[in-house]
Amino acid sequence: MKKILMLTANPKDTGRLRLEEEVREVEHALERAKCRDQFEIIPKLAVRIDDLRRAFLDHEPHIVHFSGHGMESGGLALEDSSGKMKLVSATSLARLFKSFKNEVECVVLNACYSEVQAEAIHQHIDYVVGMSRAIGDRAAIEFAKGFYDALGAGRSFDVAFEIGCTSIDLESIPESLTPVLKSRQKVTVVADDRSIPTLGSLSEEFPCETAMLVLEDPEGQVPLKSAFYVDRPPNEQDCYETILKPGALIRVKAPRQMGKTSLMSRILHQAMEEGYQTACISFQSADARCLTDLDVFLRWFCASITNELGLPNKLNDYWQDEFLGSKDQCTNYFQRYLLTELKSPIALGLDEVDEVFKRSEVAIDFFGLLRAWHERAKNNLVWQKLRLIITHSKEVYIPLNINQSPFNVGLPIELPVWTDDQVRDLLQRHGLMWPRAMVEQLMNLLGGHPYLVRVALYQIARDRMTLEQLEQVAATEEGPYGDHLRRHWLNLEEDDKLLAAAKQVFSVDSLVDVGATQAFKLRSMGIVKLQGNDVMPLCEVYCRYFRNRMGINI
């Protein structure tokens, strides 16, 4: 018998929800199901903090379903002793579920903005459903009906999730992408025409066909539908909410191969799902001559975006006034043509803008122009349609006036390395069930660097090497990171001051102060991490490789 604990809360000071109808629909779905004898529903209405804890202790549920309000600012809304709202944080919920991880198999948070809570609970529970944004009553009820119809028919949690989302779709409600599932499932890894059966954690009571998981080449950005993209809360949710705001500007900064472009593609996809026009250009695709002349550069910039949007090129119509400078003509092209021609907002991704930093004569004017457009959006409806996402790796060392820089406004996102829990989750997605000691060994070797970890798991899941074999060759030219390490070494060799600072860092086993400029340059490369004003190597692989190249023995 599977116990389903149905928790609802609708505090007095929150909007009215149709929670009784949702409970009734779930009861009806299971009453008519062929597997109805396998389920027991335990409803708990108007839940307070004490009720939550006691319900877990009294009933030891297998499935926990919460219906109510989730707040965009964070937290699920329960009731206090007077019936008013009391928020429960993601951290508190995760700690509660940790105590019951041996009993609870699945959690459904049918409440707005509950993905952050779902991610936290997923550290301890294999299947957790949350909502990536606000969800209406109709969509929430339809999801619950579909989900429990499927469970009652003996389907697995992940299949039930898909049917729940499909139920929203079938009712022509435009919220079928709002529910998100955090899951660990049994997989068969497929690569190079070989199948490698692996262990997983599907519940035996809900058998389903083994999923076929195709391993992806870890080079480049992670595809939108990839099973291997790792969320780094609250970054994704913050970006998804910000891109919908008029005149939004999002700045994503991280070393190379940390996931900037993968995040940008998801922000643009989110905007597209909301009906926005989207375009993305990488400045690495600009010809060298474009970066030496401002007028040529801005013409290339406008032409590239026009092409991405699928519009006719009208540069000659807006680039005729000899008395206007290049920046004014570029502004006119956007304001009078692109932003006017398209009725919906435009989300524009500017990837790898580091390439522009190298040419200060172009960079100062171009970035000043972006800042001016962002300022226009505060009072101009036309410019409010433009939403910008900028990614870069390096610190901004070009001399930009503080009032003319786009790098001190908008939403700043700095992508961190992965945590132990995130790496452990990715291991399971690769079908690798490692003990804690092996996870710690991997983290010490690679420091949670996304690219290094993805390459390692790809190689190990394909049975090309073991963790012990990776440890032996990871810091050598013949290992899987040879190109990656060599690129870093060549960059150091091109800058005498930076190389000297790196030698200071790798010559000791303690924190080093190499000065602000060199510290941030080394961090921009991704080979060190900051602690206060000091730096230390990011991981053991970098220590071994650079010490060998520098002739350092410790």
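Author: Threonine 242 is buried, with a relative accessibility of 13%. The value comes from a predicted model, as do the others here. The cut-off for buried is under 20% relative accessible area, so threonine 242 falls in that class. Threonine 242 belongs to helix α7, which covers residues 235–242. Now look along the chain to isoleucine 267. Threonine 242 and isoleucine 267 are 25 residues apart in sequence, and 9.5 Å separates their C-alpha atoms.

Proline 234 sits in the loop between β11 (211–214) and α7. What is the form of the peptide bond from proline 233 to proline 234? That bond is cis, and its omega is near 5 degrees. Most peptide bonds are trans, and most residues other than glycine have a negative phi.

Phi also deserves a check in other loops. Serine 172 has a positive phi, near 60 degrees, and is not a glycine. Its place is the loop between α6 (157–170) and β8 (179–182). Is serine 172 buried or exposed? Serine 172 is exposed, at 67% relative accessible area. Aspartate 463 is another such residue: its phi is positive, about 65 degrees, and it is not a glycine. The loop that holds aspartate 463 runs between α16 (450–461) and α17 (467–473). Aspartate 463 is exposed too, at 59% relative accessibility.

Next, the hairpins. Strand β4 spans residues 76–79. Side chains in a regular strand alternate between the two faces of the sheet. In β4, Leu76 and Leu78 point one way. Ala77 and Glu79 point the other way. All of these residues are buried. The partner of β4 is strand β5 (residues 85–88), which runs antiparallel to it, with four bridges joining the two. Within that pairing, leucine 78 stands opposite lysine 86 of β5. Five residues lie between the strands of this hairpin. One of the residues in the hairpin, glycine 83, has a positive phi near 85 degrees.

Glutamine 531 faces aspartate 534 in β18. Two residues lie between the strands here. In this hairpin, glycine 532 takes a positive phi near 70 degrees.

Now the charges. Side chains of opposite charge can pair when their charged atoms come close. How many salt bridges does the structure hold? There are 26. One of them is the pair aspartate 50 and arginine 53, at 3.3 Å from N to O. Both residues lie in helix α2 (residues 49–59). They are three residues apart, about one turn of the helix. Aspartate 50 is partly exposed at 35% relative accessible area. Arginine 53 is partly exposed at 37%.

Glutamate 375 and lysine 378 make another bridge, with their closest N and O atoms 2.8 Å apart. Glutamate 375 is partly exposed, at 27%. Lysine 378 is exposed, at 54%. A cut-off of over 50% defines exposed, so lysine 378 passes it.

Arginine 486 pairs with glutamate 477, the closest N and O atoms being 2.7 Å apart. Arginine 486 has 33% relative accessibility and counts as partly exposed. Glutamate 477 is partly exposed as well, at 28%.

Some bridges join into a network. Glu115, Glu119, Lys182 and Asp231 are linked in this way.

Finally, the positive surface patch. Which residues form it? They are Arg95, Lys98, Lys101 and Arg436. Arginine 436 lies in helix α15 (residues 436–446). Arginine 436 is exposed, at 54% relative accessibility.

Terms used:
Residues numbered from 1 in each chain as written. Predicted model: local features only at pLDDT ≥ 70, side-chain atom pairs only at ≥ 80, totals over all residues. Heavy atoms only, no water. Salt bridge = Lys/Arg side-chain N within 4 Å of Asp/Glu carboxyl O. Buried < 20%, exposed > 50% of the residue type's maximum accessible area, 1.4 Å probe, protein only. Patch = residues over 30% accessible without salt bridge, like charges linked within 9 Å, V, L, I, M, F, W, Y side chains within 5 Å. Areas by Shrake-Rupley, 256 points an atom, 1.4 Å probe, with all protein chains shown as cover. Lys, Arg positive; Asp, Glu negative; His and termini not counted. Charge placed at Lys NZ, Arg CZ, Asp CG, Glu CD. Pairing = 2+ DSSP bridges.
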